[in-house]
Amino acid sequence: MVRHANRRPRRWVALGLGAAVVATGLSVLAGSTAQAATPGTLYVANQRANTVSVVNPATGTTTKTIPVGSQPSGEAISPDGARVYVANSGNGISNGTVSVIDTSTDTVTATVGVGLNSGALAINPDGQSVYVANAGSDSVSVISTATNSVTATIPGLDFPLSVTFNAAGTVAYVGNQSAVKVIDTSTNTVTATVGVGGNVSAVAVNPAGTRLYAVIRDGNTVVVINTATATVSATIPVGTFPTGIALTPSGAAAYVTNSRDNSVSVIDTATNTVTATVPVDTRPSAVAVSPDGGTAYTANRNSVSVIDTATNTVTGTISGFLTGDAIVIGPATAVAPEVTGVIPSGGPVAGGTTVAITGTGLTGATTVHFGGTAAAFTVNSDTSITATAPAATAAGPVDVTVTTPAGTSTTGPADRYTYTADTTSLTAGPILFTVVPGHLVLTLNLSATLTDTTTGRPAPGQTITFTVGSTTVCTAITDASGVATCQGPCPVLLALLTGHYTATFAGSATLAPASARGSLIQLH
């Protein structure tokens with residue numbers, strides 16, 4: 001535990017138990033070249049030993065022990081799994097530090113000075129900054145991950161013990177002495193305060209970002225906050241002196257460590273009720289859930305308990321720790337998305353067709369392209385996206401691709417979408433002609449209107465050819481209203497024998513051909 005002899009002695013006694021950080025590595029940033037942590041690797045902070053243990057959970061063995069700063073009490077792993085940040089709270093008198101671990105070598109590559117008794121931290125989902133809660137300084141230090149330096153300090157907090165971000169990284173939530181502070185990360189200012197009536201030892205946001213779960217260690221409850229209204233919507237009784245919380249990747253369940261009960265409360269987030277209580281080893285202080293949601297791990301005084309989330313039973317215990325006070329997990333291996341079907345498989349070049357895209361690994365999609373053109377879309381699930389086909393510049397097949405932080409889907413026959421030329425109609429205008437006495441040639445004044453019948457709009461800028469029989473009289477370009485007008489000579493005998501003229505549109509890359517006939521002779 002962390003103790004402080006002069007300032008706020010009663011509040012320092014249990015700081016170590018309230019400094020747990022939940023695993024954050026559930027997504028992968030594109031473009032990372034670092035060799036990230038092996039998926040599923042555990043990093044356990046040993047507060048009494050001033051080390052971090054690197055653990056292979058499959059074998060239950062510690063593969064490396066990394067010296068860090070004094071009394072490590074909190075951890076966070078970068079979204080790409082390349083770095084682990086460790087908050088070293090120190091002795092409660094001198095300022096704390098943050099150790100930066102390169103997971104490719106499992107060595108400390110930087111140490112960043114922060115505020116007094118830094119017991120918790122979280123990394124922004126964009127991977128660009130780390131927020132460190134300094135309980136003794138009543139502040140949050142903002143660290144740039146690019147430079148490993150403090151770029152801002154947010155004052156005005158009250159003994160902050162915990163911090164987390166929404167999925168977008170636009171909002172940070174900091175657990176204080178009796179409230180949760182809401183921070184705008186673009187300005188690093190407090191925008192709201194939600195009273196919860198007790199010390200907030202841990203916080204977690206559901207994947208949708210609609211609910212915040214605040215663990216009240218001296219109230220033996222978890223408070224649910226509506227993030228849209230910044231108000232408390234439910235209070236859930238749990239065990240004695242709860243200290244840590246982790247949500248499953250789906251957000252359907254929350255796991256809460258009860259330090260003095262030696263147990264974990266399992267909360268059904270749909271009903272806000274405890275559905276199971278799992279006995280674990282002595283003094284659990286922190287919990288993390290595997291990227292696939294199948295396993296929860298609790299950091300206990302001298303061990304890690306392994307919980308099967310399907311049965312909510314302990315299936316194993318990993319020993320060899322000295323006051324495990326925080327635990328994080330290496331993120332899942334990134335798998336690029338795959339498109340396995342598009343329905344319908346084609347539509348007009350005008351766009352606007354609603355297209356159902358099926359595949360795998362579609363969660364977190366950032367763009368959907370039809371050929372080289374971006375489309376508006378909605379992610380329905382990991383296997384389904386609904387997109388609106390954008391307008392095309394030409395008819396023909398294109399590949400539909402989906403991009404996520406893990407990469408872009410490869411192309412193939414299954415993702416083909418074929419654009420078809422818009423249908424058109426051509427309407428011949430009334431005939432006007434001039435007869436010159438003594439000449440055997442008429443001067444015809446011809447017109448026709450071209451319409452894109454797929455969109456219902458005029459088709460400007462298209463060439464219309466007017467003929468009588470096999471003789472071309474004239475050609476014209478449609479104006480903004482889709483109307484083409486021209487005049488030209490036509491032999492009187494040809495006009496009498498044919499009796500009509502033809503307006504012809506040969507088609508274009510995006511418009512189907514059309515033709516229309518107009519009479520040259522009217523019988524009365």
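Predicted model: local features only at pLDDT ≥ 70, side-chain atom pairs only at ≥ 80, totals over all residues.
As for where Ser285 sits, the residue belongs to the loop that runs between strand E23 (273-279) and strand E24 (286-289).

Next up is a sheet. Four strands make up an open sheet in the order E44-E43-E46-E47, and the pairing is antiparallel. The edges are taken by strand E44 (471-477) and strand E47 (514-519), each of which pairs on one side only. On average, and with direction ignored, neighbouring strands of this sheet are turned by 20° against each other. Zooming in on one pairing, strand E43 (residues 463-468) runs antiparallel to E44, and the two are joined over 6 bridges. Within the sheet, Ile464 stands opposite Ala476 of E44. As a reminder, strands of a sheet pair through backbone hydrogen bonds, in either a parallel or an antiparallel way.

Then there are the rings. The model holds 4 aromatic pairs, counting ring centres within 6.5 Å. One of them is Tyr131 with Phe165, an edge-to-face pair with 4.9 Å from centre to centre and 65° between the planes. Tyr131 comes from strand E9 (residues 129-134) and Phe165 from strand E12 (residues 162-165), so this pair ties together parts of the chain that are 34 residues apart in sequence. Both partners, Tyr131 and Phe165, are buried.

Phe466 and Tyr501 also form an aromatic pair, this one tilted, with the centres 6.3 Å apart and the planes at 40°. Here too distant parts of the chain are linked: Phe466 is in strand E43 and Tyr501 in strand E46 (residues 500-505), 35 residues apart. That brings the story back to the open sheet, where E43 and E46 stand next to each other in the strand order. Phe466 counts as buried because its relative accessibility is 0%. Tyr501 is buried as well, again because the value is 0%.

Elsewhere, ring pairs join Phe370, Tyr417 and Tyr419 into a cluster. A ring also turns up in a contact with a charged side chain: Arg260 lies over the face of Phe241, 4.0 Å from the ring centre.

How values were computed: Residues numbered from 1 in each chain as written. Heavy atoms only, no water. Pairing = 2+ DSSP bridges. Axes fitted to C-alpha atoms, helices over the stretch in contact; angles between N-to-C directions. Phe/Tyr/Trp six-rings, centres within 6.5 Å; stacked < 30°, edge-to-face > 60°. Buried < 20%, exposed > 50% of the residue type's maximum accessible area, 1.4 Å probe, protein only. Lys NZ or Arg CZ within 6 Å of the ring centre and 35° of its normal.
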